[in-house]
Amino acid sequence: MREAIYRYEEKEMEKFFGIVEVDETYIGPKFKNRRKKKRNFLKRIGVVRRGRGSKILQQPTFGMYQRNGKVYIKFVRDVEKKTLQDIIRGRIDLASDVYSDTWKSYSGLEQQGYRHEMIDHGNEEYVRDEGIHINGIEGFWGYLKERLLKHHGVAKKNLIYYVKELEFRFNYRHLSTEHSMNKIINILVNSSSCND
C-alpha cells in the first residue's frame, strides 16, 4: 500500500507556486540513541564525525511546503547547493517566493529569478513581520518524525515508503475519513491495474 502511495505522490505532484518554504533535515536514529555495541562498532571503524558530518548515518531529506497547500519530500544523497537547487528549479515555479533558513545551499536563488527570503535561526529569528517564516515545513518535520517514532525503527529500504505515506496523509488532511479511504482504494486499484 505504501509503495502504491509513493508512486502516486511522485506522479501526481504538480509544480509549486506562490509562497514556498524549503528546508532540509535528517531522518533516522541519532548516534547517541543507538545501542552501545553499535556505537562502539561505529567508533571503531571511524564512521562517527562531528557537526553535519555526524549525520552520515541518517538519511538526508529535502522538503518543500507550498503555503496553505501541499508538501513534497525527496530523499537526497547530500544537502549541497547543486542537489537542492536542482530540485527547487524542477519543482517550484520561477515566479514564486522561496523562503529558507540561512543554509549555504540556498544562496543564489535570487539570481535564478526567485524572490528569496532567509530566516536566520542562528540569531533567534523565526518569523518576520511580513509573514516570512519556514514554520510550515518545520512543522511538517515534527509531524513526520513523531509518527515515525511509533514504528520503533524502519528498514532503510522501506523508509521512503513510510515518509511518502505521511506526505500523502498531510497533503489530504482536509478529506474526511471516508473520502480518504476511497482515495487510497482508487490508488491501489489503479496501481494493481498498472502492474498487470
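Predicted model: local features only at pLDDT ≥ 70, side-chain atom pairs only at ≥ 80, totals over all residues.
View 1. Five residues make up one aromatic cluster: Y65, F140, W141, Y143 and F170. Of these, F140 and Y143 sit in α4 where it meets α5. F170 lies on the α5 side of that contact. Across the whole structure, a search finds eight aromatic pairs.

**View 2. The ring pair F140 and W141.** Two values describe a pair of aromatic rings: the distance of the centres and the angle of the planes. For F140 and W141, the ring centres are 6.0 Å apart. Their planes stand at 55°, so the pair counts as tilted; edge-to-face would need an angle over 60 degrees. Are the two residues buried or exposed? F140 is buried, because its relative accessibility is 1%. W141 is buried too, with a relative accessible area of 6%. The cut-off for buried is under 20%.

**View 3. Helices α4 and α5 cross.** Helix α4 spans residues 135–149, and helix α5 spans residues 159–171. Their axes are 10 Å apart. The packing angle is about 125°. The two helices are therefore oblique to each other. Their crossing is right-handed.

**View 4. The contact of α4 with α5.** Which residues of α4 take part? They are F140, Y143, L144, R147 and L148. From α5 come L159, Y162, V163, L166, E167, R169 and F170. Sorted by type, the residues of this contact are nine nonpolar, no polar and three charged.

Methods:
Residues numbered from 1 in each chain as written. Heavy atoms only, no water. Axes fitted to C-alpha atoms, helices over the stretch in contact; angles between N-to-C directions. Helix = DSSP H or I, 4+ residues; strand = E, 2+ residues; numbered from the N terminus. Parallel < 35°, antiparallel > 145°, perpendicular 65-115°, else oblique. Left-handed = near helix turned anticlockwise from the far one by under 90°. Contact = heavy atoms within 4.5 Å. Nonpolar A, V, L, I, M, F, W, Y, C, P; charged D, E, K, R; others polar. Phe/Tyr/Trp six-rings, centres within 6.5 Å; stacked < 30°, edge-to-face > 60°. Buried < 20%, exposed > 50% of the residue type's maximum accessible area, 1.4 Å probe, protein only.
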